[in-house]
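Thanks for coming, everyone. Please look at the structure on the screen, and I will walk you through some of its parts.

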Amino acid sequence: VIVIPSLPQHTAVRAAIRRSWMNHSSWPELEGLDDYYKRVKVMFIFGHLEKDKTLAEYPPGFLDEVAEYDDMYLSDGLVEHRTVLKYKVLWGMMRSKQIFNYDYLLKTDDDVMVNLPLLLKDLSTARRELLYTGSCGMRYGGFQDYPVWTYCSGGGYVLSSDVITQLLLLPGSVTRVQFRPEDGYTGWLVYQVNKLTNYTVHPEGRNALLMRTPKVCGPFVHWFYHGMKDARVMERTMRLAAKNYSDPEGCDPSELPLFVN
């Protein structure tokens, strides 16, 4: 399951995701991968607009998109605001457990291209328990009464299903926090699972995230490519990645996407 917190107005980017990396047929490399590992479900997560707004004040076409696609999930209890991102992800974890049976949950953002063939290939040999991995090694905390803990970048990380189960059992005194970063929050939850249970889950760092679009030709060796808020950059990067699998020597520098802030 891939959880992607999004905003109602990001319609074009979601459409680009559905056409590009989320579409298995766009990846020639997936033809040789066992069908089991191609059973991927994407969940776009939303809060509601401010409580005094009506449904008519959603961006044009948003409610039509909700009706058309089965990957749109609205939380009744969350109002869209920059401070609730961490709770949108937690809600996505909870909802995923209610409706899906899966081995891994991946969290990423809607400005990230997921290198699906490499990700699925690596997960096909990964363990299915006690896993928390991505671009890890960042540290957070050390203020107020919080300890310091390690976490994985919110651009893309993976948790095994058993760890999600344990996170959702944590008490409200742990899950309600005063800090904002979503990725630090997930690291905090994992830290608390280790503290309060007999689980031992350590963030496992790997070269998983590139914090910009590719600037040079070469293999796509990361799971996640960040910085694609423009739908055209998303799709152009995706085409280049797919071509790289089928023709590694055929990269034309003129085809490289332009970086968009």
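**Rings, strands and pockets**

Let's start with one aromatic cluster: it is formed by Tyr87, Tyr140, Phe143, Tyr146, Trp149, Tyr151, Phe179, Tyr185, Trp188 and Tyr191. Rings of Phe, Tyr and Trp (its six-membered ring) pair if their centres lie within 6.5 Å; planes under 30 degrees apart count as stacked, over 60 as edge-to-face and the rest as tilted.

A word on the source. This is a predicted model, where local features need pLDDT of at least 70 and side-chain atom pairs count only at pLDDT 80 or more, while totals for chains, interfaces and linings use all residues. Residues are numbered from 1 along each chain as its sequence is written, and side-chain values use heavy atoms, with hydrogens and water left out.

Back to the rings. A search of the whole structure gives 21 aromatic pairs. Take Tyr58 and Phe62: the ring centres are 5.0 Å apart and the planes are at 20 degrees, so this pair is stacked. Are these two buried or exposed? Buried means under 20% relative accessible area, exposed means over 50%, and partly exposed is in between (1.4 Å probe, protein chains only). Tyr58 has 7% relative accessibility, so it counts as buried. Phe62 has 1%, so Phe62 counts as buried too.

Now a pair from the cluster. Phe143 and Tyr146 are tilted, at 5.2 Å centre to centre and 55 degrees between the planes. Phe143 is partly exposed, with a relative accessible area of 26%. Tyr146 is buried, at 16%.

Next, the strands. Helices (H or I, at least four residues) and strands (E, at least two) are DSSP runs, numbered from the N terminus. Two strands pair if DSSP finds at least two bridges between them.

Why do we call strand 7 largely enclosed by the rest of the structure? Because 11 of its 13 residues are buried. Strand 7 pairs with strand 6 (residues 132-141) in the antiparallel sense, over 8 bridges. Here Cys136 stands opposite Cys152 of strand 7. Strand 4 also pairs with strand 7 in the antiparallel sense, over 5 bridges. There, Leu106 has Val158 of strand 7 as its bridge partner.

Strands 6 and 7 form a hairpin with 6 residues between them. Gly142 in that turn has a positive phi of about 85 degrees. Gln144 lies in the loop between strand 6 and strand 7. Its phi is near 50 degrees, a positive value in a residue other than glycine. Gln144 is exposed, with a relative accessible area of 65%.

Leu130 also has a positive phi, near 55 degrees, and is a residue other than glycine. Leu130 is found in the loop between helix 4 and strand 6. With a relative accessible area of 32%, Leu130 is partly exposed.

There is also an open sheet of 3 strands, in the order 5-10-9, with mixed pairing. Strand 5 (112-114) and strand 9 (209-210) are at the edges, each with a single partner strand, so one side of each has no neighbour in the sheet. Strand 9 and strand 10 (residues 224-226) pair in the parallel sense over 2 bridges. Leu209 stands opposite Phe224 in strand 10.

Last topic: pockets. On a 1 Å grid over the protein atoms alone, a pocket is an open set of points where a 1.4 Å probe fits, with protein on both sides within 12 Å along at least five of seven lines; lining residues have an atom within 4 Å of a point. Grid points are joined across faces, edges and corners, and a volume is the space filled by probe spheres set on the points.

The largest pocket has a volume of about 540 Å³. It is lined by 23 residues, and the closest to its centre are Pro5, Leu85, Asp109, Asp110 and Asp111. Which element gives the most to this lining? Strand 7, with 3 residues.

The second largest pocket has a volume of about 370 Å³. Of its 17 lining residues, Val1, Arg39, Tyr102, Asp103 and Tyr104 are the closest to the centre. Helix 4 gives the most to that lining, with 4 residues.

That's my tour. Thank you.
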